[in-house]
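Welcome! Please take a look at the sequence and the 3D view below, and then we can walk through one part of the fold together.

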Amino acid sequence: MNKQDEVVFSTEDILAITPGTINELKQRAKKSPRKRYRLCMHHDHSDSTQEMLIACCNDTYMPPHRHPLNKTESYHVVEGSMVVYFFDDEGTVIRRLAMGEYSSGDACLYRLSKPVWHMPVPTSEWLIYHECYTGPFDKDIDVTYPDWAPDEVDKKAVTEFLQRVCVYG
């Protein structure tokens, strides 16, 4: 299974998200090697608004990344909780943002409007969040990864990195 097996694009012009939709995403995430699955609510990468519903198991690793200038991103927690870590260019945590469902008392929605390194980390059994991103989307241009963070295939380095960031961040 490759990364393309962890995403599906909607073909609907009127798309309603139901508990059944979320349960299906959870089942697909559970079977995914990276322990996450996304429903792209937009039709393709050329759309000017990219909206995704993302299901994450608590043991997924989404590497730190940033987006170019003039692109915005927002997260809205639907179920569960996460901490979004923000880093400087050397990999030092400069801010932690606890996020949860509306009833949690934590932030339930945030928007990032500048190219800051950031990393969402699930803190509950399941994390379901709605992400919006300024399109169109080109992976080679719209996402960059820092040299100071491990690649997701290096499980040992990922564990050590998360322990260091989450304990000291």
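## A pair of strands to begin with

Strand β4 (residues 73-79) runs antiparallel to strand β9 (residues 126-134), and six bridges join the two. Strands here are DSSP runs (E, at least two residues), numbered from the N terminus, and two of them pair if DSSP finds at least two bridges between them.

This is a predicted model, where local features need pLDDT of at least 70 and side-chain atom pairs count only at pLDDT 80 or more, while totals for chains, interfaces and linings use all residues. Residues are numbered from 1 along each chain as its sequence is written, and side-chain values use heavy atoms, leaving out hydrogens and water.

## More about β9

Strand β9 also pairs with β3 (residues 49-57), again antiparallel, through nine bridges. Here Leu53 has His130 of β9 as its bridge partner. Of the nine residues in β9, seven are buried (under 20% relative accessible area, with a 1.4 Å probe and protein chains only).

## The whole sheet

Now step back: six strands form an open sheet with mixed pairing, in the order β1-β2-β3-β9-β4-β7. β1 (7-9) and β7 (109-112) each have a single partner strand, so one side of each lacks a neighbour in the sheet. From one strand to the next, the twist averages 20°, with angles taken between N-to-C directions of lines fitted to C-alpha atoms, on a scale from 0 to 180 degrees.

Key. Helices (H or I, at least four residues) and strands (E, at least two) are DSSP runs, numbered from the N terminus. Buried means under 20% relative accessible area, exposed over 50%, partly exposed in between (1.4 Å probe, protein chains only).
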